[in-house]
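My notes follow in the order I checked them.

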Amino acid sequence: MKNYLKHDPWKIIEEGFHPEFNEVSESCFSIGNGCMGQRANFEEQFSGKRLQGSYVAGIYYPDKTRVGWWKNGYPEYFAKVLNAPNWIGIDVKIDGEVLDLATCKVKDFRRELNMKEGYLERSFSARLVSGKEVEVRSRRFCSLAEKELGAISYAVRPLNFDGRLTVAPYVDAGVSNKDANWDEKFWVEINKSVKRRSGYILAETKKTKFQVCTGMRFSIFKNGEKMETDSQPFMEDKFVSVPVNIDCKPGDEIVVYKFGAVVSSLYHKKTELAAHCRTLLKQAANTGFAQLLKEQAAAWAAKWEEADIAIEGDVAAQQGIRFNIFQLYQTYTGEDERLNIGPKGFTGEKYGGSTYWDTEAYCLPFYLATAGQQVARNLLVYRYKHLKKAIENAAKLGFTNGAALYPMVTMNGEECHNEWEITFEEIHRNGAIAYAIFNYVRYTAEQDYLVEYGLEVLIGVARFWAQRVHWSAPKQQFVMHGVTGPNEYENNVNNNWYTNYLAVWTMKYALESLEYVTKVAPEKYAALEAGLKFNKEKETATWRNIIANMYFPADEKRGVFLQQEGFLDKELRTVDTLSEADKPLNQKWSWDRILRSCFIKQADVLQGIYFFAEDFDTETLRRNFDFYEPMTVHESSLSACVHAILAARLGKHDMAYGMYLRTARLDLDDYNNDTEDGLHITSMAGTWMAFVEGFGGMRAEDGMLSFSPYLPKGWAAYSFKIRWREFLIQVKVDGKSTTILNLTDIPLSLRLNGEIYSIGNRASINYNEIKTSGHIEQQAAGHF
Ligand code: BGC
């Protein structure tokens with residue numbers, strides 16, 4: 001755990017230079033706009049520890065797999081989001097001496113991520129080996145308003161010398177992925193151009209043949225005056241640069257305004273990329289840095305207006321939640337159904353930038369409630385568009401008749417993960433994709449989604465489950481063997497309770513949805529039935545039989561569901577019996593030892609109880625929570641949030657707060673010592689859930705939204721906004737009461753602490769928690 005970043009409600013601040021944590025800072029100070037993003041690398045050269053990383057959404061490479069023991073059914077490749085051409089670089093030389101913070105004496109270093117307005121700022125002064133000193137101040141952003149654009153203002157001030165400053169803005173396409181399996185470079189140059197104040201490189205990815213044109217255009221000002229000084233445009237393989245020499249004296253201020261454009265063949269014809277790049281850059285230069293920055297602040301203000309969570313009385317918690325929300329919106333803004341959310345977003349290469357079940361299980365609720373229906377819908381449509389590949393994927397593994405198995409890891413619908421215990425066995429992801437459809441329809445009431453897309457996916461997934469289970473003669477029940485549940489510290493188990501539950505639930509939901517679509521859209525249903533060669537009578541009878549006769553392992557004595565068959569045969573120990581030297585298990589213990597132990601990586605049975613909360617009473621939740629949580633090491637970043645929500649439901653408020661803080665500040669405090677690889681973007685959505693569903697007690701059930709908020713100890717107040725169907729609602733909680741505001745022009749009904757209330761349009765209710773009897777103090781106070 002680290003503690004070198006300053007606490008501030010709207011900013012992430014590093015004061016003093018910490019080269020030893022530079023890669024952690026590069027992750028934490030990352031910037032992005034949903035279409036591109038980059039780590040907080042320096043503009044000038046840096047020969048110290050760093051991971052140079054710029055990434056473009058949807059641009060990937062199928063890197064040939066490297067495995068020890070090839071198993072039939074493995075995919076050939078692991079898709080990777082590509083380290084993309086770097087447009088931020090500005091080499092700086094002072095009388096020929098390179099400015100490189102790894103070789104200078106650095107003073108007054110400050111790095112700041114302004115989350116409110118969406119930019120990264122850095123300032124320092126540096127004494128070079130020659131003794132010459134400069135002061136530098138830079139600002140940079142990826143524009144939220146114009147997604148293919150970024151801008152930098154880079155100011156250098158000589159402090160103690162008369163001499164020649166050389167600034168050389170450049171574009172570098174000679175980049176490679178740190179995690180490339182075969183140390184291959186993935187970009188091929190198509191063409192490039194460089195002029196006295198601009199340049200671009202058009203590059204193509206090998207195999208996938210995406211093209212990206214990365215361009216720059218810059219201007220230089222000396223003491224506020226634009227300089228028309230000559231430059232020496234320079235190019236070599238995959239590199240264009242424009243060095244400009246400037247004579248200066250102490251106190252002069254040289255400012256480079258550099259605009260970067262990243263345009264890809266995802267959105268433009270290949271033949272038009274270079275021209276489009278040039279046009280964008282010209283427009284940006286005409287608009288100017290200051291105006292673009294204003295537009296950036298306005299675009300972020302609009303996001304914060306609806307998505308902010310404000311906390312009074314706890315700056316660390318405030319900074320944590322805003323950081324999570326900010327990074328989520330830097331990663332995904334939801335306009336394009338071809339894009340998704342990689343576990344590290346644009347902040348690192350781990351997990352390949354690919355889509356995991358994290359999207360459906362964790363990210364969907366966040367976007368549903370903060371960005372609205374269309375954004376969340378795009379996440380669902382993404383999977384709908386991959387259905388054909390999911391069917392092919394299942395067929396490769398021997399499934400027939402249109403059974404669909406969605407991949408564990410994917411870019412384009414194809415599986416690209418190849419560890420057998422995950423690829424073949426961690427099939428619960430298929431259920432999460434079905435669950436997301438249910439969650440979306442329940443939240444939005446857009447039943448039509450089932451007609452248009454949902455049912456087809458549900459039939460494919462239900463068909464898969466129906467073939468994946470088998471009849472056990474001794475048990476006289478259906479069972480499911482050889483699976484890995486969400487708890488990856490168990491592999492190849494039989495009857496993982498969570499997976500069995502999801503399988504049965506999917507079949508039930510598919511049956512319900514079938515009935516619905518048949519009723520409301522008989523023609524659409526008939527077309528689907530024919531297209532899918534769906535034998536309704538026979539297949540639904542099979543599903544019903546499985547639903548009625550599925551085996552679920554349980555311990556009757558303890559009154560708990562068993563994570564898998566045989567779980568009780570393990571030596572049951574709690575985490576507090578582990579020594580510090582044992583932790584984290586995944587770094588300290590051999591794999592077989594982890595597998596034999598009872599220790600749990602992340603919520604498994606509890607994940608199921610969380611998803612299907614309405615199926616279980618509080619006592620069942622309590623028994624299972626008290627049994628499993630003490631054995632859980634939370635070594636997945638996705639674990640703490642589910643536990644925080646459930647702990648809050650059980651009134652274990654201290655524990656909920658502890659878990660919340662762990663997820664909210666996971667990266668800022670580098671709890672798991674792995675922030676240098678990139679941020680845990682998908683678990684950030686879990687942080688939001690832990691807040692709104694945990695402290696706010698929000699649930700969407702029976703067509704109604706409900707809240708049962710409480711204030712964590714030590715906080716003075718908090719508030720958040722939620723989009724719910726056609727409503728925008730604000731929840732404010734302080735030490736005395738809960739106020740709910742209906743910010744829309746139509747009356748709203750909701751449940752607060754178990755009772756139903758109506759709130760007029762643009763009106764509020766106030767529930768006084770001090771009088772804890774459950775009665776409302778004032779209702780529907782005046783309009784505002
Ligand atoms: C977790 C998975 C998750 C993946 C990507 C793993 O450590 O166990 O549940 O999908 O990380 O976030």
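I count a polar contact as a pair of N or O atoms within 3.5 Å. The model is predicted.

**Ligand**

I looked up W357 first. A polar side-chain atom of W357 lies 3.0 Å from an oxygen atom of the ligand. Next I checked D358, where a polar side-chain atom is 2.6 Å from a ligand oxygen. For Y351, I found a polar side-chain atom 3.5 Å from an oxygen atom of the ligand. I then listed the surroundings. P343, Y351, Y356, W357, D358, E488, K601, Q602, S636 and L638 surround the ligand.

**α9 and α10**

I turned to the helices. I noted α9 as residues 428-444 and α10 as residues 448-468. Their axes are 10 Å apart, and the packing angle is about 155 degrees. Angles over 145 degrees count as roughly antiparallel, and α9 and α10 are therefore roughly antiparallel to each other. The crossing of α9 past α10 is left-handed. On the α9 side I found H428, N430, G431, I433, A434, I437, Y440 and V441. They meet Y449, L450, G454, V457, L458, V461, F464 and W465 of α10. I sorted this contact by class: twelve nonpolar residues, four polar and no charged.

**α10 and α12**

I followed α10 to α12, residues 522-532. These two pack at about 35 degrees, with axes 11 Å apart. α10 passes α12 in a right-handed crossing. From α10, the contact takes V451, E452, L455, E456, I459 and R463. From α12, it takes K524, Y525, L528 and L532. I logged six nonpolar, no polar and four charged residues for the contact of α10 with α12.

Note on methods: Residues are numbered from 1 along each chain as its sequence is written. This is a predicted model: local features need pLDDT of at least 70, side-chain atom pairs count only at pLDDT 80 or more; totals for chains, interfaces and linings use all residues. Side-chain values use heavy atoms; hydrogens and water are left out. Axes are lines fitted to C-alpha atoms, for helices over the stretch in contact, and angles run from 0 to 180 degrees between N-to-C directions. Helices (H or I, at least four residues) and strands (E, at least two) are DSSP runs, numbered from the N terminus. Angles under 35 degrees count as roughly parallel, over 145 as roughly antiparallel, 65 to 115 as roughly perpendicular and the rest as oblique. A crossing is left-handed if the near helix is turned anticlockwise from the far one by less than a right angle, and right-handed if clockwise. Contact means heavy atoms within 4.5 Å. Ala, Val, Leu, Ile, Met, Phe, Trp, Tyr, Cys and Pro count as nonpolar, Asp, Glu, Lys and Arg as charged, and the others, Gly among them, as polar. A residue is near a molecule or strand if one of its heavy atoms lies within 4 Å of it. A polar contact is a pair of N or O atoms within 3.5 Å; within protein, one must be able to donate a hydrogen and the other to accept it, and residues adjacent in sequence count only if both atoms are side-chain atoms.
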